[in-house]
Amino acid sequence: MSLWSKAVSVAVIGALYITQAQAIDLVEAYTLARANDPTFKAAYQAYQAGKEYKTLGRANLLPMVTASYSRFRNHADIEYQNSLFSRTEKREYASESASVQLRQLLINFDAYARYKQGLAQTSMSEQEFAIRDQELILRVFNRYAAVLYAKDMLSLAERKKAAYEEQMQANLYMYKHGEGTKTDILESQARYDLADADIVEARDNVSDAQAALDQILGRTTESIDPLLDNFTLLPLQTDALAEWEAIALQNNIELSIQRYAVEVAQQELKRSQAGHLPKLDAVASWNNNT
């Protein structure tokens with residue numbers, strides 16, 4: 001390998017390493033989770049399948065065209081017979097038949113109920129996917145914050161250990177100069193050992209929290225950015241409880257799903273009732289026989 005090729009290879013490997021080791025923020029974590037989280041990906045596929053309900057319902061209202069074509073080879077023996085003579089003729093000929101039919105429903109309560117039901121089912125799947133998206137946001141934030149909290153607890157445990165170590169050294173110094181007791185040394189040693197055990201536990205908690213975050217992100221992250229220090233809450237739109245209740249009744253996704261579920265059930269009832277109602281279709285056909 002030439003010197004130039006080696007230099008390029010080293011640069012590429014270094015760039016990849018820097019990219020992988022670079023800390024990610026909360027928005028990047030959410031973007032990765034949308035692309036890699038298996039729970040969200042399953043919800044997305046269910047949402048894509050739910051969009052077909054609308055298409056299937058509309059298909060019942062569209063015109064239907066059917067066509068057929070057949071060709072035969074015929075063999076026949078035809079006998080002629082009377083009092084004077086009799087003879088047999090062999091016939092061989094081809095025959096073919098073609099037809100095209102166009103059918104468009106004019107009155108069909110069952111098909112119309114299927115269409116309305118498909119619209120409601122598609123809308124319900126959209127609302128369910130919105131809930132899964134909100135759940136993903138909460139799961140990403142909770143695991144992201146859990147990593148930061150575990151690291152803070154580790155830093156606190158390390159500072160406690162350092163403080164207890166200084167205290168132990170001070171007690172040893174005072175004991176050597178006749179101003180302390182052995183009990184103080186033993187107590188400071190016990191606190192120091194307990195702080196050391198807390199550090200081990202805190203490191204395990206960091207590893208567990210990091211693994212939980214990596215699972216939802218679909219990749220290994222070396223570090224994450226801390227949350228903003230100047231985070232401020234957005235002002236409330238209103239302070240009136242009645243207005244918040246009205247907003248919740250209008251915009252709550254779970255309530256919206258239940259409304260669509262009621263619509264689906266109502267259209268299913270209409271489909272059952274439509275079996276006793278008349279149907280009217282317009283039919284145009286063309287036939288050709290040779």
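**Close-up 1. Lys-90 and Asp-77, two exposed residues of a predicted model.** Both Lys-90 and Asp-77 are exposed in this structure, which is a predicted model. The two residues form a salt bridge in which the closest N and O atoms are 3.4 Å apart. Side chains of opposite charge can pair when their charged atoms come close.

**Close-up 2. The salt bridge between Asp-37 and Arg-139****.** The side chains of Asp-37 and Arg-139 meet at 2.8 Å, N to O. This pair links distant parts of the chain, 102 residues apart: Asp-37 is in the loop between α2 (26-36) and α3 (38-50), and Arg-139 is in helix α5 (residues 109-176). Asp-37 counts as buried because its relative accessibility is 4%, whereas Arg-139, at 23%, counts as partly exposed.

**Close-up 3. The salt bridge between Asp-196 and Lys-161****.** Here the N to O distance is 3.2 Å. Asp-196 lies in helix α6 (residues 182-217) and Lys-161 in helix α5, and the pair links distant parts of the chain, 35 residues apart. With a relative accessible area of 32%, Asp-196 is partly exposed.

**Close-up 4. A network of salt bridges****.**

**Close-up 5. A nonpolar patch on the surface****.** The patch is formed by Leu-106, Ile-107, Phe-109, Leu-277 and Leu-280, which together have about 440 Å² of accessible area. Ile-107 lies in strand β2 (residues 86-107) and, at 37% relative accessibility, counts as partly exposed.

Note on methods:
Residues numbered from 1 in each chain as written. Predicted model: local features only at pLDDT ≥ 70, side-chain atom pairs only at ≥ 80, totals over all residues. Heavy atoms only, no water. Patch = residues over 30% accessible without salt bridge, like charges linked within 9 Å, V, L, I, M, F, W, Y side chains within 5 Å. Areas by Shrake-Rupley, 256 points an atom, 1.4 Å probe, with all protein chains shown as cover. Salt bridge = Lys/Arg side-chain N within 4 Å of Asp/Glu carboxyl O. Helix = DSSP H or I, 4+ residues; strand = E, 2+ residues; numbered from the N terminus. Buried < 20%, exposed > 50% of the residue type's maximum accessible area, 1.4 Å probe, protein only.
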